[in-house]
Amino acid sequence: MDDPRMKYVPLLEEERFQSMVAVPILARSGDTLGVIVLHTEAPREFTEDTLKLLVHIASLVSGAIENAQLYQQERRRVAALTRLAGIAGEVASVTEADDLGLIVARGTRRLLEAEFCQIYRLDPDGSGLELLISDPDALAEPPTMSTAGLLIDALDGHDSGSAARSLWPGLDIADLLVTPLTAGGERLGLLCAGSPAGRQFSDEDSELARAIAHLAAVAMKRAELIEHLTKANTVKDLFEALAAGATSFAVAKAAEIRCDLTGPFLMICAEPAGSRTQSSVEWREAAEAIGRGLSALHPRAAIEAGPGPVRAAVPLGGGTPERVEELLRSCHELGERSQAAIGVSQLREAASEATRAYREAVDATTIGRALLGEGGAIAYSQLGAYRYLVHIAADDAPTDRMRAAVDVLIEYDSRRRSALLDTLERYLAERRSVIESARALFIHPNTLRQRLARIEELTGVELDHDDLLSLELAIKLARLHGRPGAPAASEA
């Protein structure tokens with residue numbers, strides 16, 4: 001008992017013994033598996049033969065122990081792989097992200113015999129984490145504000161037990177296993193599991209967690225792709241139905257993607273401004289940018305971003321005039337950046353008006369392409385007389401004396417780089433007020449009078465006697481049908 005190498009175990013009552021011989025049971029690697037010990041109550045000198053016999057028995061026992069351990073290890077591995085295959089089968093059978101998360105969380109918790117399992121999704125900008133699913137359900141997201149930092153510290157190999165206790169102070173967790181959800185080099189989120197008190201996760205547990213995380217990440221990307229394609233097809237059906245006048249069908253499609261058209265909403269349409277075409281690479285990139293910009297206006301907006309025109313249905317919730325003006329300003333900035341003509345319908349508040357709102361947006365876009373050469377946005381309420389002319393084809397437009405006068409001014413302005421057509425349009429818009437027209441054109445009233453005289457001389461039109469309404473409509477038709485010239489006055 002006085003030997004410093006003696007490890008006293010009270011349950012063995014070794015104080016009764018006077019002599020002992022001990023032989024280690026050694027594995028092939030040299031690690032100690034156990035010890036064989038002989039005791040005698042009376043003093044005894046053990047012989048070399050006894051020692052050799054014990055060494056021989058220990059070698060036999062070590063082989064049996066190692067084989068048994070290996071067999072148990074393989075059984076556990078086969079069982080784990082079987083359960084992993086079961087999780088993989090369940091993951092492959094689901095398409096909804098919510099169902100997928102629950103299957104992965106529950107399966108991981110059972111497989112690793114963990115206290116809990118949670119799945120986190122990285123924010124789009126990678127700056128934070130959002131809890132997607134937890135098993136058990138009652139375990140909430142960690143209350144600490146530094147959740148992301150602590151989980152990433154654990155992911156990088158720092159003290160995981162300390163991180164676990166910091167994140168979940170109310171739980172007795174011995175170890176924290178954090179595995180990245182990565183697919184195609186893209187980090188999607190984290191798989192997090194906590195072990196019960198007294199148990200540390202093994203390297204085998206880490207391998208299983210990585211396998212599950214890989215399955216989950218690939219399945220998440222697949223579910224997102226399916227959801228994106230399904231939504232894209234639904235949105236396409238929505239706008240095709242609106243174009244065909246099938247209002248009820250369109251409203252039902254909008255409801256499928258949680259776009260509420262039963263309250264205040266706007267329809268928006270965008271096409272390349274001026275003479276630009278929809279088939280260009282630049283427009284495809286611009287359409288995607290417009291789609292991203294419109295999606296920022298409302299999370300439930302239904303948006304079809306090309307490859308043709310961009311079309312959107314935007315619920316407004318509280319459809320106040322201020323909110324509509326704010327949206328129109330945002331669209332105008334977006335159109336200028338993208339060199340697109342964006343048409344915005346009037347505010348509508350009933351699902352039955354969806355088709356009318358869509359046609360208003362399309363009409364506003366058609367007129368915007370003619371008037372907004374460098375891009376911008378125009379609301380249907382701002383179209384003025386253009387809304388009555390938009391459906392008149394160029395071949396069906398009247399070719400009378402007033403139209404001939406407009407063509408003369410267009411040709412003269414193009415050749416002389418003057419602005420007689422703009423001047424005439426502003427003069428008519430201001431109800432023939434010389435003072436107001438001059439102020440709007442930033443010229444002297446006498447300069448305006450000289451321009452008007454030149455217009456009468458070139459066209460033969462008498463501004464004091466002729467039908468000026470016909471003349472104004474002829475100007476707008478010329479603008480609308482793509483005649484060369486400066487953009488229309490803002491009154492349009």
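The loop between α6 (247–256) and β7 (265–272) holds Arg 258. Arg 258 is not a glycine, yet its phi is positive, at about 60°. The model is predicted, and local features are reported only at pLDDT of at least 70.

Asp 135 and Pro 136 are joined by a cis peptide bond, with omega about 10°. Pro 136 belongs to the loop between β4 and α3 (147–155).

**The four-stranded sheet**

β4 also takes part in an open sheet of 4 strands. The strand order is β4-β3-β6-β5, and the pairing is antiparallel. β4 (129–135) and β5 (173–183) are the edge strands, each pairing on one side only. On average, neighbouring strands of this sheet are turned by 20° against each other, direction ignored.

Take the pairing of β5 with β6 (residues 186–196). These two strands are linked in the antiparallel sense over 10 bridges. Leu 177 has Ala 193 in β6 as its bridge partner. Helix α5 packs on this sheet and touches β3 (116–122), β4, β5 and β6. The direction of α5 makes about 40° with that of β5.

**The five-stranded sheet**

A further open sheet has 5 strands, in the order β8-β9-β7-β10-β11, with mixed pairing. β8 and β11 (376–379) stand at the edges with a single partner strand each, so one side of each has no neighbour in the sheet. Here, neighbouring strands are turned by 20° against each other on average, direction ignored.

β7 and β10 (residues 340–344) run antiparallel and are joined by 5 bridges. Within β10, Ile 342 stands opposite Ala 270. α5 packs on this sheet too, touching β7, β8 and β9 (310–315). Its direction makes about 90° with that of β8. Helix α9 (residues 354–371) also packs on the sheet. α9 touches β7, β9, β10 and β11, and its direction makes about 30° with that of β7.

**The largest pocket**

The largest pocket has a volume of about 1300 Å³. Its lining counts 33 residues. Nearest its centre lie Glu 224, Glu 227, His 228, Lys 231 and Ala 232. Which element gives the largest share of the lining? That is α5, with 13 residues. By class, the lining has 12 nonpolar, 9 polar and 12 charged residues.

**Helix contacts of α14**

Two helices, α12 and α13, meet α14. Their geometry and residue classes are set side by side below.

| Pair | Axes come within | Crossing angle | Contact residues by class |
|---|---|---|---|
| α12 (420–429) and α14 (445–459) | 10 Å | roughly 105° | 7 nonpolar, 1 polar, 2 charged |
| α13 (434–441) and α14 | 9 Å | roughly 100° | 6 nonpolar, 1 polar, 1 charged |

Why are these pairs called perpendicular? Angles of 65 to 115 degrees count as roughly perpendicular. The axes of α12 and α14 cross at roughly 105°, so α12 and α14 are roughly perpendicular to each other. α13 and α14 cross at roughly 100°, and they are therefore roughly perpendicular as well.

The residues can be named. On the α12 side, Leu 420, Thr 423, Leu 424 and Tyr 427 make the contact. They meet Leu 448, Arg 451, Leu 452, Arg 454, Ile 455 and Leu 458 in α14. From α13 come Val 434, Ile 435, Ser 437, Ala 438 and Leu 441. Their partners in α14 are Pro 445, Leu 448 and Arg 449.

Notes: Residues are numbered from 1 along each chain as its sequence is written. This is a predicted model: local features need pLDDT of at least 70, side-chain atom pairs count only at pLDDT 80 or more; totals for chains, interfaces and linings use all residues. Side-chain values use heavy atoms; hydrogens and water are left out. Axes are lines fitted to C-alpha atoms, for helices over the stretch in contact, and angles run from 0 to 180 degrees between N-to-C directions. Angles under 35 degrees count as roughly parallel, over 145 as roughly antiparallel, 65 to 115 as roughly perpendicular and the rest as oblique. Contact means heavy atoms within 4.5 Å. Ala, Val, Leu, Ile, Met, Phe, Trp, Tyr, Cys and Pro count as nonpolar, Asp, Glu, Lys and Arg as charged, and the others, Gly among them, as polar. On a 1 Å grid over the protein atoms alone, a cavity is a set of points where a 1.4 Å probe fits but cannot get out, and a pocket is an open set with protein on both sides within 12 Å along at least five of seven lines; lining residues have an atom within 4 Å of a point. Grid points are joined across faces, edges and corners, and a volume is the space filled by probe spheres set on the points. Two strands pair if DSSP finds at least two bridges between them.
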